Amino acid sequence: MIPYTLYQNQNANISSGGKWYARAVHQHMGFKELCRHVASHSMLLDESTIKAVMTALEDEVGQLLLDGYSVQMGELGTLSLTIGSQGAESAADFRADRDINALRLNIFPGSKLRTSRLLKKAKFHKLKNEN
């Protein structure tokens, strides 16, 4: 179940002002807990094996992204980097060390993580709050 709370849009200057909306409340699962959780659902792999594979993936996927690859992670989706840069007056004036100022990680979900598919399976639970 996805826990949520309600909040009221306080911006009176827009058409959605005063309306109430749902906001997901997230719990955090750390790396160690994730490995333990996956292992508890696997008959073949133990926690240490899953941790080793995930750690290797972290290192290798990061390097592949820096080498210019997009990385397809099965049904999890595809990861890629995009570049943010400031404009230069001409192509000849552009310098990567000065003008590239951001890297962004893009995640294109695979079929199992597409939000339209998840929405069909999702169940929601309203948490108690002051509303």
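Residues count as buried under 20% relative accessible area, as exposed over 50%, and as partly exposed in between (1.4 Å probe, protein chains only). The structure is a predicted model, in which local features need pLDDT of at least 70 and side-chain atom pairs count only at pLDDT 80 or more, while totals for chains, interfaces and linings use all residues. Residues are numbered from 1 along each chain as its sequence is written, and side-chain values use heavy atoms, with hydrogens and water left out.

**View 1. The open sheet of strands β3, β4 and β5.** Three antiparallel strands are arranged in the order β3-β4-β5. Its edges are β3 (71-72) and β5 (100-109), each of which pairs on one side only. Between β4 (residues 77-85) and β5 there are nine bridges in the antiparallel sense; threonine 78 has phenylalanine 108 of β5 as its bridge partner. Strands (E, at least two residues) and helices (H or I, at least four) are DSSP runs numbered from the N terminus, and two strands pair if DSSP finds at least two bridges between them.

**View 2. Helix α2 across the sheet.** Helix α2 (residues 47-66) lies across β3, β4 and β5 and runs at about 45 degrees to β4. Axes are lines fitted to C-alpha atoms, for helices over the stretch in contact (heavy atoms within 4.5 Å), and angles run from 0 to 180 degrees between N-to-C directions.

**View 3. A nonpolar surface patch.** Leu66, Ile83, Phe94, Ile100 and Leu103 make a nonpolar patch of about 470 Å². Leucine 103 belongs to strand β5 and counts as exposed because its relative accessibility is 52%. Patch residues have over 30% relative accessible area and no salt bridge; nonpolar side chains (Val, Leu, Ile, Met, Phe, Trp, Tyr) are joined within 5 Å, like charges within 9 Å. Accessible areas come from the Shrake-Rupley method with a 1.4 Å probe; for residues, only the protein chains shown count as cover.

View 4. Glutamate 47 and arginine 36 form a salt bridge, with an N to O distance of 3.6 Å. This pair links helix α2, which holds glutamate 47, to arginine 36 in helix α1 (residues 31-40), 11 residues apart. A salt bridge requires a side-chain nitrogen of Lys or Arg within 4 Å of a carboxyl oxygen of Asp or Glu.

**View 5. Two further salt bridges.** Aspartate 97 pairs with arginine 95 at 3.2 Å between the closest N and O atoms, and aspartate 99 with arginine 98 at 2.9 Å. Aspartate 97 counts as exposed because its relative accessibility is 62%, whereas aspartate 99, at 2%, counts as buried.
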